[in-house]
Amino acid sequence: HGLQGQAEAISKELEGKVPELPDLADAKLLKPPVPIIRAKKKQDYNWPLVEVSSGYFDGIDIANIDLSQPEPERSDQFEDEDEDVMGEEDNKDDLGGWGLEEKKKQKAEAEDDAGDWGGLGDLGLGDMGLEDAPEDPADDEKGDDGYFVFPSSGKSWDTKWSESSTLAGDLAAAGQFDMALHSLNRQIGAVRFDALEKRLIDVHNMSHASLPMLFGMPSLTVPLQRTDNEDNSLDLPRLCYSLQHCVDMLQQGYKLVSSGNFPKALSMFRDILATIPVLDVPSQDDATKLRDLKNICREYITALRLEAARKEAKEPAKQSALAAYFSRCRMQPMHQVRALLNAVKIAFKLKNYKATAAFCRRILEICVTGDKAQLSKVVKPAQIRALLKRTEGLNTDEVPVDYREGEVLVLDCKELKPLPKGSKPVKCPYCYSTYRKEGGICVTCGIGRIGADVTPYVVRKYARTGSRGNLKWTK
């Protein structure tokens with residue numbers, strides 16, 4: 001095929017050890033496929049090229065330059081112009097050496113004053129009656145250039161939100177998730193953010209409204225601002241979660257507990273604890289309500305965990321102790337009575353009549369102070385009085401139980417056992433659940449680190465100051 005040079009190169013590489021090849025009479029030379037469309041010009045080839053900016057000498061055609069021609073003489077016009085003019089004036093006026101010396105002296109003084117720029121003071125226009133005009137102070141304000149400087153853009157709403165508040169919800173709405181997590185860690189000791197992730201993302205996504213535009217154009221994003229009691233806009237985002245939202249969730253949790261759906265109720269109360277950190281706390285009254293809401297959720301979560309542990313326990317004494325602990329949790333009167341009735345049944349089966357009598361007294365106290373119409377649906381006071389009369393006469397406990405009625409009960413929420421007397425409990429910095437040891441994640445809320453040192457969030461309110469009614473934060 002005429003490729004003799006390539007064959008010799010391959011032969012040298014093989015050092016004469018050419019393999020024997022079969023005789024291929026119909027062998028054909030393989031060539032690259034011919035392009036279907038060929039460009040007429042080289043610049044029309046559709047190949048990816050690297051962009052290279054042209055240099056200063058790229059536009060000079062060096063091939064057409066005749067190097068045999070002599071170099072053109074260098075013009076001394078700019079160097080000798082002043083001397084030629086001065087010489088002509090000297091010849092004209094015929095001042096002689098004295099005049100030439102005076103002219104050179106004036107020229108040297110002018111060059112010393114102006115530096116390399118030469119004499120700029122005298123324009124050489126002669127006496128035209130021009131006098132130095134007074135300077136206009138307005139010219140200094142406009143500047144020498146007279147250019148218009150476009151004003152810089154102001155701060156975005158996200159920047160204003162992140163600079164105006166340290167609340168985790170406001171920082172998440174501004175897109176500053178790192179700052180929000182650091183704020184939660186500093187204020188409530190949060191170290192696990194699995195439960196908070198959904199709330200922070202919801203706050204961010206729902207702090208802006210999207211307005212669809214024409215086809216092919218991006219939607220217009222409008223920030224939603226928070227207002228005070230007088231509907232005045234603040235430099236803060238509108239949060240999608242509120243105190244009323246948590247109260248509605250609490251009512252749903254109550255209904256689930258009343259219906260006996262404890263797993264869903266436990267999940268509902270934990271969701272409330274995960275929502276509280278992103279709420280706005282504009283007043284001390286709201287802060288008190290949130291604190292009470294947090295305490296209610298903590299008590300119900302502990303109570304439902306105790307009931308779940310009781311159902312898994314096999315020892316009757318442990319079942320009785322867990323039922324007694326369950327009855328000591330601060331719950332709604334109807335739920336409290338049901339927990340006490342459960343404790344009464346277990347204690348009476350164990351023939352612990354003294355403990356049974358104590359539970360009966362507590363049930364009667366609740367029936368007196370609570371809503372009788374609601375409590376009558378779950379308990380009959382007459383039966384409780386009869387049982388109390390019977391057990392008071394016996395006043396004995398056959399099975400020892402780790403529970404003493406009337407004593408202060410402080411539970412270790414991890415082990416679900418009472419703390420020893422005189423020991424100082426370690427609390428979760430967020431939900432205030434008690435534990436025996438420091439360290440680890442709180443079992444109740446699943447957010448805070450047990451025993452962590454935190455800086456509580458300062459409750460602030462909106463105050464109107466100044467003649468224009470500007471809003472600011474005040475402690």
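**Close-up views of a predicted model**

Cys360 is buried, with a relative accessible area of 0%. Buried means under 20% relative accessible area, exposed means over 50%, and partly exposed lies in between (1.4 Å probe, protein chains only). This is a predicted model, in which local features need pLDDT of at least 70, side-chain atom pairs count only at pLDDT 80 or more, and totals for chains, interfaces and linings use all residues. Residues are numbered from 1 along each chain as its sequence is written, and side-chain values use heavy atoms, with hydrogens and water left out.

**View 1. Cysteines without a bond.** The structure holds zero disulfides. A disulfide is a pair of cysteine sulfur atoms within 2.5 Å. Take Cys246, which is buried at 0% relative accessibility. The closest cysteine sulfur to its own is in Cys297, 7.9 Å away, and that is too far for a bond.

**View 2. Helix α13 under cover.** Helix α13 covers residues 333-349. Helices (H or I, at least four residues) and strands (E, at least two) are DSSP runs, numbered from the N terminus. The expected span of a helix is 1.5 Å times one less than its number of residues. For the 17 residues of α13 that gives 24 Å, and the end C-alpha atoms are 24 Å apart, which agrees. Twelve of the 17 residues are buried, so the helix is mostly covered. Among them are Met334, His335, Leu340 and Ile346. The buried residues pack against several helices, including α9 (243-258), α11 (284-312) and α14 (353-369). After α13 comes Lys351, with a positive phi near 65°.

View 3. Gln336 lies in helix α13. Its relative accessible area is 10%, so Gln336 is buried. Its side chain reaches the backbone oxygen of Ser327 at 2.3 Å. A polar atom of that side chain also lies 3.3 Å from the backbone nitrogen of Met331. Contact means heavy atoms within 4.5 Å. Leaving aside neighbours within four places in sequence, Gln336 is in contact with residues including Arg328, Arg362 and Ile366.

**View 4. Tyr430 in the core.** The largest nonpolar core has 88 residues. Such a core is a set of buried Ala, Val, Leu, Ile, Met, Phe, Trp, Tyr and Cys residues joined through side-chain atoms within 4.5 Å. Phe269, Ile272, Ile363 and Tyr430 have the most contacts inside it. Not counting residues up to four places away in sequence, Tyr430 touches Ile188, Leu273, Ile276, Pro277, Lys294, Cys445 and Ile447.

**View 5. Salt bridges across the chain.** Side chains of opposite charge can pair when their charged atoms come close. A salt bridge is a side-chain nitrogen of Lys or Arg within 4 Å of a carboxyl oxygen of Asp or Glu. The whole structure has 13 salt bridges. In one of them, the closest N and O atoms of Arg199 and Asp271 are 3.5 Å apart. Arg199 sits in helix α8 (residues 194-205) and Asp271 in helix α10 (residues 262-275), 72 residues apart. Arg199 is buried at 11%, whereas Asp271 is partly exposed at 27%.

**View 6. Glu299 meets Arg330.** These two side chains form a salt bridge (3.1 Å, N to O). Glu299 lies in helix α11 and Arg330 in the loop between α12 and α13, so the pair ties together parts 31 residues apart in sequence. Glu299 is buried at 13% relative accessibility, but Arg330 is exposed at 59%.

Technical notes. A polar contact is a pair of N or O atoms within 3.5 Å; within protein, one must be able to donate a hydrogen and the other to accept it, and residues adjacent in sequence count only if both atoms are side-chain atoms.
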